[in-house]
Amino acid sequence: MRDPFKVPEDNCSASQLAMWHYRGMADFGGQVTGIVQDAEGKWHRLRPGQQLENRWTVSGITPDQIDLTLNAECEPSQWRWVKEGTNHDSKDTAGAAVPDDSRHSERKNRHAGGR
(Lines give C-alpha, C1' and ligand atoms only; values in the text may rest on other atoms or scores of the structure.)
Protein backbone atom coordinates (compact mmCIF):
# COMPACT_ATOMS: atom_id res chain seq x y z
CA MET A 1 0.00 0.00 0.00
CA ARG A 2 1.21 3.50 -0.90
CA ASP A 3 2.04 6.08 1.77
CA PRO A 4 -0.75 8.72 1.37
CA PHE A 5 1.61 11.49 2.55
CA LYS A 6 4.32 10.74 0.03
CA VAL A 7 4.13 12.32 -3.43
CA PRO A 8 3.50 9.55 -5.99
CA GLU A 9 6.35 8.77 -8.37
CA ASP A 10 5.95 10.06 -11.91
CA ASN A 11 7.57 7.23 -13.88
CA CYS A 12 5.92 8.49 -17.06
CA SER A 13 7.01 12.15 -16.73
CA ALA A 14 3.36 12.96 -17.46
CA SER A 15 3.53 16.11 -15.33
CA GLN A 16 5.99 17.57 -17.87
CA LEU A 17 3.86 16.95 -20.96
CA ALA A 18 2.06 20.29 -20.76
CA MET A 19 5.35 22.17 -20.26
CA TRP A 20 6.78 21.25 -23.68
CA HIS A 21 5.88 23.46 -26.66
CA TYR A 22 5.63 22.54 -30.33
CA ARG A 23 7.02 25.44 -32.38
CA GLY A 24 7.11 24.16 -35.95
CA MET A 25 8.06 21.55 -38.49
CA ALA A 26 10.60 21.18 -41.29
CA ASP A 27 10.24 18.78 -44.22
CA PHE A 28 13.43 17.90 -46.06
CA GLY A 29 12.58 15.66 -48.99
CA GLY A 30 9.90 13.78 -47.09
CA GLN A 31 11.90 13.51 -43.87
CA VAL A 32 9.83 15.39 -41.29
CA THR A 33 11.38 17.02 -38.21
CA GLY A 34 9.39 18.66 -35.43
CA ILE A 35 10.90 21.53 -33.42
CA VAL A 36 9.93 21.61 -29.73
CA GLN A 37 11.02 23.46 -26.63
CA ASP A 38 11.14 21.65 -23.28
CA ALA A 39 10.23 22.94 -19.81
CA GLU A 40 13.77 24.28 -19.31
CA GLY A 41 13.72 26.22 -22.60
CA LYS A 42 16.01 23.78 -24.44
CA TRP A 43 15.25 23.12 -28.12
CA HIS A 44 14.81 19.62 -29.54
CA ARG A 45 14.46 18.24 -33.07
CA LEU A 46 12.15 15.23 -33.14
CA ARG A 47 11.43 12.67 -35.83
CA PRO A 48 8.63 10.11 -36.09
CA GLY A 49 9.50 6.92 -34.22
CA GLN A 50 12.08 8.65 -32.03
CA GLN A 51 12.05 7.79 -28.34
CA LEU A 52 12.93 10.57 -25.91
CA GLU A 53 14.93 10.11 -22.70
CA ASN A 54 11.74 10.06 -20.63
CA ARG A 55 10.47 7.13 -22.74
CA TRP A 56 7.95 9.14 -24.75
CA THR A 57 7.78 8.05 -28.39
CA VAL A 58 6.99 10.42 -31.26
CA SER A 59 4.17 8.68 -33.11
CA GLY A 60 3.41 11.38 -35.69
CA ILE A 61 4.28 14.89 -36.85
CA THR A 62 2.16 17.24 -38.96
CA PRO A 63 2.50 21.00 -39.49
CA ASP A 64 -0.14 21.53 -36.79
CA GLN A 65 0.70 18.91 -34.15
CA ILE A 66 3.02 16.23 -32.75
CA ASP A 67 1.51 13.02 -31.39
CA LEU A 68 3.24 11.14 -28.59
CA THR A 69 2.80 7.66 -27.19
CA LEU A 70 3.72 6.97 -23.58
CA ASN A 71 4.08 3.57 -21.95
CA ALA A 72 0.90 1.52 -21.71
CA GLU A 73 0.87 1.88 -17.90
CA CYS A 74 1.00 5.69 -18.18
CA GLU A 75 -2.08 7.85 -17.89
CA PRO A 76 -2.57 9.35 -20.39
CA SER A 77 -0.97 6.86 -22.74
CA GLN A 78 -1.26 9.26 -25.70
CA TRP A 79 -0.60 13.00 -25.86
CA ARG A 80 -0.72 15.71 -28.51
CA TRP A 81 1.25 18.94 -28.68
CA VAL A 82 -0.48 21.54 -30.84
CA LYS A 83 1.67 24.09 -32.66
CA GLU A 84 2.10 27.33 -30.77
CA GLY A 85 3.38 30.69 -31.92
CA THR A 86 2.80 32.78 -34.99
CA ASN A 87 2.86 31.92 -38.66
CA HIS A 88 5.50 33.86 -40.59
CA ASP A 89 4.54 32.60 -44.06
CA SER A 90 3.37 36.09 -45.03
CA LYS A 91 6.86 37.44 -44.33
CA ASP A 92 8.44 34.75 -46.49
CA THR A 93 6.25 35.51 -49.51
CA ALA A 94 6.47 39.28 -49.12
CA GLY A 95 9.95 39.22 -50.69
CA ALA A 96 8.41 39.24 -54.16
CA ALA A 97 6.82 42.62 -53.45
CA VAL A 98 10.09 44.27 -52.40
CA PRO A 99 11.29 46.69 -55.10
CA ASP A 100 14.43 45.71 -56.98
CA ASP A 101 17.22 47.87 -55.58
CA SER A 102 19.98 46.33 -57.73
CA ARG A 103 20.27 49.45 -59.94
CA HIS A 104 21.01 51.60 -56.90
CA SER A 105 23.63 49.21 -55.53
CA GLU A 106 25.22 48.95 -58.98
CA ARG A 107 25.40 52.74 -59.23
CA LYS A 108 26.93 52.96 -55.73
CA ASN A 109 29.56 50.40 -56.69
CA ARG A 110 30.57 52.44 -59.78
CA HIS A 111 31.07 55.56 -57.71
CA ALA A 112 32.88 53.71 -54.95
CA GLY A 113 35.19 52.00 -57.44
CA GLY A 114 36.03 55.22 -59.28
CA ARG A 115 34.43 54.29 -62.61
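Predicted model: local features only at pLDDT ≥ 70, side-chain atom pairs only at ≥ 80, totals over all residues.
User: How many salt bridges does the structure hold?
Analyst: Three, where a salt bridge is a side-chain nitrogen of Lys or Arg within 4 Å of a carboxyl oxygen of Asp or Glu. Local features need pLDDT of at least 70 and side-chain atom pairs count only at pLDDT 80 or more, while totals for chains, interfaces and linings use all residues. Residues are numbered from 1 along each chain as its sequence is written, and side-chain values use heavy atoms, with hydrogens and water left out.

User: OK, which residue does Arg23 meet in a salt bridge?
Analyst: Glu84, at 3.8 Å from N to O. Arg23 sits in strand 1 (residues 21-28) and Glu84 in the loop between strand 6 (78-82) and helix 1 (89-93), 61 residues apart. Helices (H or I, at least four residues) and strands (E, at least two) are DSSP runs numbered from the N terminus.

User: Is Arg23 exposed or partly exposed?
Analyst: Partly exposed, with a relative accessible area of 31%. Buried means under 20%, exposed over 50%, and partly exposed in between (1.4 Å probe, protein chains only). Glu84 is partly exposed as well, at 31%.

User: Switching over, what about Arg55 and Glu73?
Analyst: Their side chains form a salt bridge at 3.5 Å, N to O. Arg55 is in the loop between strand 3 (43-46) and strand 4 (57-61), and Glu73 in the loop between strand 5 (65-69) and strand 6, so the pair ties together parts 18 residues apart in sequence. Glu73 is exposed at 60%.

User: And where are Arg80 and Asp67?
Analyst: Their salt bridge is 2.6 Å, N to O, with Arg80 in strand 6 and Asp67 in strand 5, 13 residues apart.
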